[in-house]
Amino acid sequence: MSDDHQTLALLLFSAFIAVTLGITTWVSRNRHGSPEEFYVGGRLFSPLENGLAIAGDYMSAASFLGISGLIALFGYDGMLYSVGFLVAWLVVLLLVAELVRNCGKFTLADVVAARMSERPVRVAAGTSSVTVSVLYLVAQMVGAGSLVALLLGGTSEAARSWTVIGVGALMVIYVSLGGMRATTWIQIVKAVLLMAGAVALTVMVLLRFHGDVNALLNTAAERSGQGRKFLAPGLKYGGDWTARLDFISLGLALVLGTAGLPHILSRFYTVPTARAARRSVVWSIGLIGSFYLMTIVLGFGAAAIVGSAQVRASNAAGNTAVPLLALDLGGGEGTAGGAVLFGVVAAIAFATILAVVAGITLASSASVAHDLYASLKRRHAKQHSEVKVARVAAVGIGVVAIGLGLLAQDLNVAFLVGLAFAVAASANLPVLLYSLFWRNFTTRGAVWSVYGGLVPAVLLVLLSPVVSGGPGALFPGVDFQVFPLQNPGVVSIPLGFLAGWVGTVTSNETPDEARHAETEVRALTGAGAV
């Protein structure tokens, strides 16, 4: 990249970081240290504000960089991510949003523990929430590393590593100083920037082809090197039964995973009522839906204008397709327009990563403090000490995410997020649905359900081609691959549901009818909701 690109993009990066740190400082001055203020911003956000923040939380580096990159490399098969990520919101709207807002207080474990023995359930749900959050964080770190490496010229290992460390440090500052209120405003600013950037790029791609979508697709197919296969299913997930089963597995994980993501569930607690939670989701579906339609245009646009081979040469996983597209649309290498557009897009992508990282870190530190620490120290835990623990937990989670982010630098970010979704759908969704809808569900069923989905999902990922056994694996030099699929969802999600059912059926505990009735009334009407 030329010096102009670097200087401009770094100036824009710095401006965004300065604004977000300003928001954090302003919020931290006006805060009082109650858990309600730290975890959920005092429940003071409107449906539109929360809808924008949910969209900001959800439209991650995986969406902007990863999906467009996968479409640029694999055409039709890359679109599965766009479709899966969007359809997932219907599950959230119909089954989860309103009920979770009425039943819970700060975290997923609040919903489950409402009618169970608290300690074992909180420990299980807290462990699973932290695992999902760390996996999701790693994807964002990898996205940041790819982006800055491209910006600073080539794929400098040192630049990528320092970027991952820098993002980790910033996320800890945002969360520990500003809590949910700062995180929400950062996400709102980022959602507006990302939508504006995506609209501008989409319009420019369509103008390049005079509004003719057919011409865009045909040119993409020609320049992909795959011909008509590029526009048909099967380029990435075709061929043998393993690839097809992987396709089903990924689809299941994407559609069912969103409803189990801790940082998405915690957003429903930031509004005053369940009606506001539902309206937030309607706003976010509108924003997210239009955004994912645009990622399809950007992906095929990158294939048509930049070319799949050039995208792959810049980053084997395709994570840099959108910045390269922006460079070309602005006038190409060495032009002022190219430098400006590239800088703006790179800064928006970086803003996207920082905002999402802050939301996930807050949700996972809340799980550590409110679920793990408070349940293990229930007798002595004061509310203010709980917030202190959350701040310390943010630092610990940051360190773990930085370490794993440095390891996983060569994997596609959308693919990494697919793994996080699979773990969320296996461990969190079964226990959440059983708690809300099954009258006879017991404590043993809840604990078994969480571990019965979490342990197989994590084990199958460790034994899959993602970690060992191939040139694209985390550890290419060793081979302990046993499980043939890259995404464990098709096996681990049913196991989570099965373990919950078996645990409940074999339990000697008598279900508490009164507590179930109370939870049901509260979930459906909001009576007694916090």
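Predicted model: local features only at pLDDT ≥ 70, side-chain atom pairs only at ≥ 80, totals over all residues.
## Overall fold

The chain is helical: it has 21 helices and zero strands. Its radius of gyration is 22 Å, close to the 24 Å that the globule rule gives for 530 residues, so the chain is as compact as a globular protein of that length. Along the principal axes, the C-alpha atoms fill a box of roughly 70 × 55 × 45 Å.

Contacts reach across the sequence. Take those between residues at least 6 apart: 83% of them join residues at least 24 apart.

## Burial, surface and charge

Of the 530 residues, 60% count as buried. The chain exposes about 18800 Å². Carbon and sulfur atoms supply 66% of that area.

The chain carries 32 positive and 26 negative charges.

## Aromatic pairs

A pair of aromatic rings is described by the distance of the centres and the angle of the planes. With centres within 6.5 Å as the cut-off, the count comes to 15 aromatic pairs. One of them joins Y58 and F85, with 6.1 Å centre to centre and 80° between the planes. That angle is over 60 degrees, so the pair counts as edge-to-face.

Y58 lies in helix α3 (residues 47-58) and F85 in helix α5 (residues 79-103), so the pair ties together parts that are 27 residues apart in sequence. Both Y58 and F85 are buried. They also belong to one aromatic cluster, formed by Y58, F64, Y81, F85, W89, Y136, F291, Y292 and F421.

## M204 in helix α8

M204 sits in helix α8, which spans residues 157-208. Its relative accessibility is 29%, so M204 counts as partly exposed. Setting aside neighbours within four places in sequence, M204 is in contact with L329 and L341. A326 is 122 residues away from M204 along the chain, yet their C-alpha atoms are separated by 9.2 Å.

H210 is found in the loop between α8 and α9 (213-224). H210 is exposed, with a relative accessible area of 76%.

The backbone deserves a look here. Most residues other than glycine have a negative phi. Phi of H210 is near 55°, a positive value in a residue other than glycine.

## V297 in helix α12

V297 is part of helix α12 (residues 274-305). V297 has a relative accessible area of 17%, under the 20% cut-off, so it is buried.

Beyond its neighbours within four places in sequence, V297 is in contact with T202, V205, L206 and L216. V297 and V203 are 94 residues apart in sequence. Their C-alpha atoms are 9.4 Å apart in space.

## S468 in the loop between α19 and α20

S468 lies in the loop between α19 (443-462) and α20 (489-505).

Which residues touch S468, leaving aside its neighbours within four places in sequence? S468 is in contact with A473, F475, V478, D479, F480 and Q481. For F480, 12 residues from S468 along the chain, the C-alpha separation is 6.1 Å.

Definitions and conventions. Residues numbered from 1 in each chain as written. Heavy atoms only, no water. Phe/Tyr/Trp six-rings, centres within 6.5 Å; stacked < 30°, edge-to-face > 60°. Helix = DSSP H or I, 4+ residues; strand = E, 2+ residues; numbered from the N terminus. Buried < 20%, exposed > 50% of the residue type's maximum accessible area, 1.4 Å probe, protein only. Rg over C-alpha atoms; globule rule 2.2 N^0.38 Å. Contact = heavy atoms within 4.5 Å. Areas by Shrake-Rupley, 256 points an atom, 1.4 Å probe, with all protein chains shown as cover. Lys, Arg positive; Asp, Glu negative; His and termini not counted. Charge placed at Lys NZ, Arg CZ, Asp CG, Glu CD.
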